Number of protein chains: 2
Amino acid sequence: MLVVKKFGGSSVADKERIFNVARRCAEEYQIGNDVVVVLSAMGDTTDDLLMKAEDINPYPSKRELDMLLTTGEQISVALMAMALQFLHVPAISLNGFQVQMHTTSRNGNARLKRIDTERIRHELENRRIVIVTGFQGVNKYDDYTTLGRGGSDTTAVALAAALHADKCEIYTDVEGVYTADPRVVPNARKITEITYDEMLELATSGAKVLHNRSVEMAKKYGVELVVRSSLNTEEGTVVKEVVKVEKMLITGVAADKNTARISVIGIVDRPGTAFKIFNTLAKHNINVDIILQSVGRGGTKDISFTVSQEDLREALQVLEDYKEALTIQEITYSENVAKISIVGAGMLSNPGVAATMFESLCNSNININMISTSEIRITVLIDEKDADKALVAVHDGFGLED
Amino acid sequence: MLVVKKFGGSSVADKERIFNVARRCAEEYQIGNDVVVVLSAMGDTTDDLLMKAEDINPYPSKRELDMLLTTGEQISVALMAMALQFLHVPAISLNGFQVQMHTTSRNGNARLKRIDTERIRHELENRRIVIVTGFQGVNKYDDYTTLGRGGSDTTAVALAAALHADKCEIYTDVEGVYTADPRVVPNARKITEITYDEMLELATSGAKVLHNRSVEMAKKYGVELVVRSSLNTEEGTVVKEVVKVEKMLITGVAADKNTARISVIGIVDRPGTAFKIFNTLAKHNINVDIILQSVGRGGTKDISFTVSQEDLREALQVLEDYKEALTIQEITYSENVAKISIVGAGMLSNPGVAATMFESLCNSNININMISTSEIRITVLIDEKDADKALVAVHDGFGLED
């Protein structure tokens, strides 16, 4: 069996944790499996490197920033190989060049295009544990690139796909995917199995355990993902295409506080105005999430939508710049909002789900500003101060603790 | 004009020094020259990485150690590119992979074999300063290698040769090559010009300003070397094939305290015994320097020789292991010895040089243990405690301060 294991930066932050990971990998190897390990940079290394860069140049080119940051994972993989060798397990580290991890050319946020598996297969055939740098690749100019947020997860899934691995284990500091964030909802329950689509909706809705790009890729290539703890041997959560039917309507509930609402008021009510607004924002790489359009009044209409808080300033600037062309009379916004989402394939055949969610929020005196739904997700926008209370209320309302 | 500039780790140890180097390179660029910069790892980075490795595994594989160490120069070059960009000078950093700096496969002490210049030329044509990682390369397996001691100097000279650069400037924390170490001999004089051969002999004799591998390569490819300070704009020392004749018999005097003497006593006096001893040591990668064989007595003879202090333990072990086969009756050694060497093309045609040297030492009551000579060098082995006094005495004896 071929297993890809991915460990994040906190799992390799110091000597003790490096050996903890090394021992886990050695155990997998010693029962006869082939093991590929994907690592992030140790602990705060990436942040330290970013600070070094900022000290030299507050606006470094992204090409050079990637050249700097990619050293972080290279240090991790070299030290891990040494740790495994200390445990008398044959191991070899490989970076983005050595694996030939081909990406698009966009520095800082590149996408994986193609992975050469020849070198890795060769090393596995020689019965070595292969340790690969996550987060990084090389573009067609032979320059280093990095994959952006959640990059190492994506590396692991892509490697698992390219190598036709039997499974891809993502090790984190939690035991798996929960019905809600256990720090906010103490009786949240670990989910045994979840579909790619549900996991995608949860990840997009604020659950931080997996990045949606890695889940998308896992779904695309049918890679069985396991999310589990690097600190114990609990089973974790399996993410796959079809899961055994559970009785739950809802798989989980998630909150996303990294949200801001923008309203554009009094735009001319004729076909194409909404398109123009969102097309203009898209051209500036601003992702819009929930959109709500009010019924027209006196020849004008209002449109509200949400963006991530990082994009708020730029979105407002873009709208201001094009205010006249977009026929906007007034722009208002709020940073103090949060999204609460429930996700579950069960809601497809159960019409009462939305009502149950709204009832739970109503019983806790939480006002709903906007509503957005997909086939297996319902999201509401509420005041940020109510987010934790809402999470508990909805989790309880659906009886997710059982 | 194309200039290769090499800066060591202390020249890029912090932000201020990085910008000092960046400004010097920018000045060269702004007068219209093409500039290639070779950098070592910042300050103590390499030592820090070695300590990290040792903490994980006291005997890491050299392959993984090189994987770890090569991150050091990559950090330097990325930050230097950012500094130049901050000064509005177009710059790009390249590592051993990107340059395709091909080396032999021996990790930790590889030799450069071939450098692809295509990428560098392309970047120079686009009027960018190209910043290249020193000390590192890649072998035929696509694994990182490092070049061992003085590696970044060698990288710079090799790049200068491959690019047919007009000169190769080695920046250090001293102003050039001196007639003796100025910290020991205060009236030592900076040498304006020196031949490759003299520089080679000085480097081999303990002058630390240039590593002999880089001088050998400069001689082989006719690269004009300039040794100068990174802290001021003084002219420095030019190392080249032919220098204008100076009146000096002697170019410089050097001391090497990293020396140990070994004597093997009472070996059988027949042909081949000396060969066997040094062949055995060579097979264990132990370099032997001065050799002195006494006249035979009663069918046996004694041989004394020097090795570097790092090699002493292993040399003694090897001799002990093969004691019987090598017909050795007794092994003695001393760590407290030093070599004092005078170097100069002038001694070729001046028979009195050795006498002057011995006289200077005699006048200072310094006993000579062993003597070794080449065409342009005379080396004596003395007690280590006399080394500084000997340096001053010989320097004065030849009037090198004038």
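1. Buried area is the accessible area, taken with a 1.4 Å probe, that two parts lose on being put together, summed over both. In this predicted model, about 3400 Å² is buried between chain B and chain A. Carbon and sulfur atoms give 62% of that area.

2. The contact involves 41 residues of chain B and 41 residues of chain A. Between chain B and chain A, 20 residue pairs are in polar contact, both residues being at pLDDT 80 or more. The side of chain B that touches chain A draws at least two residues from each of helix H1 (15-30), helix H2 (45-56), helix H3 (62-86), strand S3 (91-94) and helix H4 (96-99) of chain B. Of these, H3(B) gives the most, with 17 residues. By class, this side of chain B comprises 24 nonpolar, nine polar and eight charged residues.

3. Four salt bridges are counted between chain B and chain A. B:Arg119 forms a salt bridge with A:Asp143, and their closest N and O atoms are 2.8 Å apart.

4. The buried residues of H7(A) are A:Tyr196, A:Glu198, A:Met199, A:Leu200, A:Glu201, A:Leu202 and A:Ala203.

Conventions
Residues are numbered from 1 along each chain as its sequence is written. Chains are lettered from A and ligands numbered from 1 in the order in which they are written. This is a predicted model: local features need pLDDT of at least 70, side-chain atom pairs count only at pLDDT 80 or more; totals for chains, interfaces and linings use all residues. Side-chain values use heavy atoms; hydrogens and water are left out. Contact means heavy atoms within 4.5 Å. A salt bridge is a side-chain nitrogen of Lys or Arg within 4 Å of a carboxyl oxygen of Asp or Glu. A polar contact is a pair of N or O atoms within 3.5 Å; within protein, one must be able to donate a hydrogen and the other to accept it, and residues adjacent in sequence count only if both atoms are side-chain atoms. Helices (H or I, at least four residues) and strands (E, at least two) are DSSP runs, numbered from the N terminus. Ala, Val, Leu, Ile, Met, Phe, Trp, Tyr, Cys and Pro count as nonpolar, Asp, Glu, Lys and Arg as charged, and the others, Gly among them, as polar. Buried means under 20% relative accessible area, exposed over 50%, partly exposed in between (1.4 Å probe, protein chains only).
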